[in-house]
Amino acid sequence: MPHVLIRFVRLVEGVNYAVGRLAMYLFFVLGGVLLWSIIAKAFGHPPLWTQEMAQFTMVSYFVLGGAYSLQLGSNVRMDLLYGRWSPRRQAAVDAVTVFAMIFFLAVILWGGIESTIYSFEVTERSRSVWRPYMAPIKIVICIGVVLMILQSLAFLIRDLARLRGEDI
């Protein structure tokens with residue numbers, strides 16, 4: 001495999017590992033927001049922002065951790081035949097099926113970019129009482145999808161290398 005592709009795979013996996021490890025801590029942020037909501041409600045002063053902030057935090061946690069989850073193989077895989085196949089046959093099937101994942105993620109990214117542009121054009125805000133701007137969470141979603149696309153391309157390169165008898 002060309003060194004450029006090997007460096008690409010290592011760079012993508014390094015970035016996704018770092019982003020995923022940082023995204024893990026958003027779970028604690030989520031817990032803090034929800035805890036604050038419970039405590040404030042107990043004292044009769046329910047904050048307006050906690051429900052949406054919890055939603056935004058959960059979306060960020062989920063989307064930014066997506067590529068990391070793919071990288072670790074933590075995603076759900078239908079394993080009726082796949083587990084019995086040789087690593088070479090698995091790589092061949094993965095090299096073909098990764099295009100479906102890339103297509104799916106590209107459609108999501110396209111819609112996400114369109115939605116983000118719209119958010120900026122009309123200064124979109126949530127319809128809640130808190131009324132936060134929607135563009136920041138939409139940007140986070142687009143970044144997470146880009147990271148998953150890059151991880152999918154890294155998978156494709158790894159699978160092609162495995163088919164050639166090389167290991168990255």
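**Notes on the predicted model**

1. Q151 has a relative accessible area of 0%, so it is buried. The model is a predicted one. Q151 belongs to helix α6, which spans residues 135–163.

2. Beyond its neighbours within four places in sequence, Q151 is in contact with V12, E13, N16, A67, L70 and Q71. With N16 there is a polar contact between the side chains, at 2.9 Å. For A100, 51 residues from Q151 along the chain, the separation between C-alpha atoms is 14 Å.

3. The whole structure contains 4 aromatic pairs. One of them is F27 with Y61: the ring centres are 5.6 Å apart and the planes meet at 45 degrees, so the pair is classed as tilted. F27 sits in helix α2 (residues 26–42) and Y61 in helix α3 (residues 50–64), so the pair ties together parts 34 residues apart in sequence. F27 is partly exposed, at 46% relative accessibility, and Y61 is also partly exposed, with a relative accessible area of 29%.

4. An arginine also lies over an aromatic face: R125 is placed over Y133, at 4.3 Å from the ring centre.

5. Side chains of opposite charge can pair when their charged atoms come close. The salt bridges number 4. One of them joins E124 and K138, with the closest N and O atoms 2.7 Å apart. This pair links distant parts of the chain, since E124 is in the loop between α5 (87–121) and α6 while K138 is in helix α6, 14 residues apart. E124 is partly exposed at 21% relative accessibility; K138, at 15%, counts as buried.

6. D159 and R162 form another salt bridge, in which the closest N and O atoms are 3.9 Å apart. The cut-off for a salt bridge is 4 Å. Both residues are in helix α6 and lie 3 residues apart, so about one helical turn separates them. D159 is buried, with a relative accessible area of 7%, whereas R162 is partly exposed at 32%.

7. A salt bridge also connects E166 and R164, with 3.6 Å between the closest N and O atoms. Here E166 is partly exposed, having a relative accessible area of 28%, and R164 counts as exposed at 53% relative accessibility.

Technical notes
Residues numbered from 1 in each chain as written. Predicted model: local features only at pLDDT ≥ 70, side-chain atom pairs only at ≥ 80, totals over all residues. Heavy atoms only, no water. Helix = DSSP H or I, 4+ residues; strand = E, 2+ residues; numbered from the N terminus. Buried < 20%, exposed > 50% of the residue type's maximum accessible area, 1.4 Å probe, protein only. Contact = heavy atoms within 4.5 Å. Polar contact = N/O pair within 3.5 Å; in protein donor to acceptor, adjacent residues only side chain to side chain. Phe/Tyr/Trp six-rings, centres within 6.5 Å; stacked < 30°, edge-to-face > 60°. Lys NZ or Arg CZ within 6 Å of the ring centre and 35° of its normal. Salt bridge = Lys/Arg side-chain N within 4 Å of Asp/Glu carboxyl O.
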